[in-house]
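Please walk through the model below with attention to its ligand and the protein around it. A description in running paragraphs follows.

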Amino acid sequence: MVANSNLTTGKLEKILNEVSKVVREEGIKRDAKLEKIARILHDGVPYYDWVGFYLLTPNEELILGPFVGEETDHDRIPVGKGVCGRAGAEQQTVVVQNVAEESNYLACSDAVRSEIVVPIFVEEEMIGEIDIDSHTISPFSEKDSNFLYQVACKLASLFSQIEED
Ligand code: SME
């Protein structure tokens, strides 16, 4: 059975609505929103075992932002390195269905079997990415890529507004 066969369109729409609500919430900062959104994705999809965000700096590094799951040593990743860095270099979604077969991979935890990384764009400029690790081999399909693309589109507005500190 495919891991995501229970991911109905209705369920994904419900998660997207929850994400939209958090994006629009007032009175909380961007990182608090990202953490809530990571939690919604993590709790909403059974095989999303680690959900986090990396933000791209002008000097081509990905900096770890809010996440839900195990701690990771990879809090700064140069563009090109690992699955996250590859998505940064190619500026497109990267899916690794079995990390054991991927040579350009930075291991976070022995439990991880697969990974999907989806870029976040603001006005055609890549500003970061959604990174998801799974403990299941080959859990991801086009459903995940399309769904996470829609999440990334919703997140864009968080980065096009000036944050007040
Ligand atoms: N596995 C990633 C590193 C980040 S962790 O998954 C949190 C990679 O290869 O880029």
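Where does the ligand sit? The ligand sits in the largest cavity. A molecule is said to sit in a cavity or pocket if more than half of its atoms lie within 2 Å of its grid points. The model is predicted, so local features need pLDDT of at least 70 and side-chain atom pairs count only at pLDDT 80 or more, while totals for chains, interfaces and linings use all residues. Residues are numbered from 1 along each chain as its sequence is written, and side-chain values use heavy atoms, with hydrogens and water left out.

A cavity is defined on a 1 Å grid over the protein atoms alone, as a set of points where a 1.4 Å probe fits but cannot get out; its lining residues have an atom within 4 Å of a point. Grid points are joined across faces, edges and corners, and a volume is the space filled by probe spheres set on the points. The count by this rule is one cavity of 30 Å³ or more. The largest cavity holds about 90 Å³ of space. It is lined by 15 residues, and Cys-84, Leu-106, Cys-108, Glu-115 and Asp-131 are the closest to its centre.

The secondary structure elements are DSSP runs numbered from the N terminus, with helices (H or I) of at least four residues and strands (E) of at least two. Helix 3 gives the largest share of the cavity lining, four residues. Strand 1, helix 3 and strand 6 each contribute at least two residues to that lining.

Around the ligand itself there is a shell of 13 residues (a heavy atom within 4 Å). The closest are Cys-84, Leu-106, Cys-108, Glu-115 and Asp-133. At least two shell residues come from each of strand 1 (50–56), helix 3 (82–90) and strand 6 (125–134). The shell comprises eight nonpolar, two polar and three charged residues; Ala, Val, Leu, Ile, Met, Phe, Trp, Tyr, Cys and Pro count as nonpolar, Asp, Glu, Lys and Arg as charged, and the others, Gly among them, as polar.

Which polar atoms of the protein face the ligand? A polar contact is a pair of N or O atoms within 3.5 Å. A side-chain N or O atom of Glu-115 is 2.8 Å from a nitrogen atom of the ligand. An oxygen atom of the ligand lies 2.9 Å from a backbone N or O atom of Val-83, and a polar side-chain atom of Asp-131 lies 3.4 Å from an oxygen atom of the ligand. Taken alone the ligand exposes 310 Å², of which the protein buries 100% (Shrake-Rupley method, 1.4 Å probe).

Terms used: Polar contact = N/O pair within 3.5 Å; in protein donor to acceptor, adjacent residues only side chain to side chain. 1 Å grid on protein atoms, 1.4 Å probe; cavity = no way out; pocket = protein on both sides within 12 Å on 5 of 7 lines; lining within 4 Å.
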